[in-house]
Amino acid sequence: MIINYIYIIMRIISISVYSKQNNNEPILLASADELSFVSIFQRGTLREFIKFHSRLVVQRTAVDQSLEVALEKGICYSTVNSDKLAVAIICDEEYPRRVANDLGFKIMEQLTNHIYTNKINVSSFTTDTDIKFSYLDTVIKEWQNPHEKDGILKLQGELNDVTNIMKKNLNELLERNENLEKLMDKSKDLSTTSVQFYKTAKKTNSCCNF
């Protein structure tokens, strides 16, 4: 039973891909999530928090940089390439960082191929869209078991060096005089109900519990 529990908490919660080509707020291109562990009534609110946090982390990730950001619950791994395409993966804290980062590199490669093959002009997007990138739906299921993927990666010699990935927590990501709750109030990703839920939950020390 202990082994089963360990496997359950090592999960990928969401994967999102963005464009930062307009140098403004990152534009969501596609996403996938695995929220079967929460009630169907909570999934809408959780999706809003996922979108808010992943967009915030991507926004603060520089071009050709990778960030590992500790959220209040979970970890967000973000990578932005030289084409200003970005991948954000939110996992449990226990999910192996090496596996998460290798997945991010694989998604970036597939995303770039998908965009060039289908001649998608991502710089023309000014609002969130869906580029029909079904690869995300596949990998979020296939990579739920990190031990299996880690073994395959070792066998194939495809492990990437993760030592140059910058590690931060959510507070370090904020700029001077910025406040997370104020950012939430301004965010288009969060409804008034979700923001109020966050503030109430924070007071009871049960905030954003994945």
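Buried means under 20% relative accessible area, exposed over 50%, and partly exposed in between (1.4 Å probe, protein chains only). This is a predicted model: local features need pLDDT of at least 70, side-chain atom pairs count only at pLDDT 80 or more, and totals for chains, interfaces and linings use all residues. Residues are numbered from 1 along each chain as its sequence is written, and side-chain values use heavy atoms, without hydrogens or water.

**Exercise 1.** Classify Lys119: buried, partly exposed or exposed?

*Solution.* Step 1: find Lys119 in the loop between α3 and α4. Helices (H or I, at least four residues) and strands (E, at least two) are DSSP runs, numbered from the N terminus. Step 2: take its relative accessible area, 74%. Lys119 is therefore exposed. Step 3: check the backbone. Lys119 is not a glycine, yet its phi is positive, about 55°.

**Exercise 2.** Describe the surroundings of Leu56.

*Solution.* Step 1: locate Leu56 in helix α2 (residues 43-59). Step 2: its relative accessibility is 5%, so Leu56 is buried. Step 3: list its contacts (heavy atoms within 4.5 Å). Beyond neighbours within four places in sequence, Leu56 touches Leu170, Leu173, Leu174, Leu180 and Leu183. Step 4: compare chain and space. Glu25 is 31 residues from Leu56 along the chain, but their C-alpha atoms are 8.6 Å apart.
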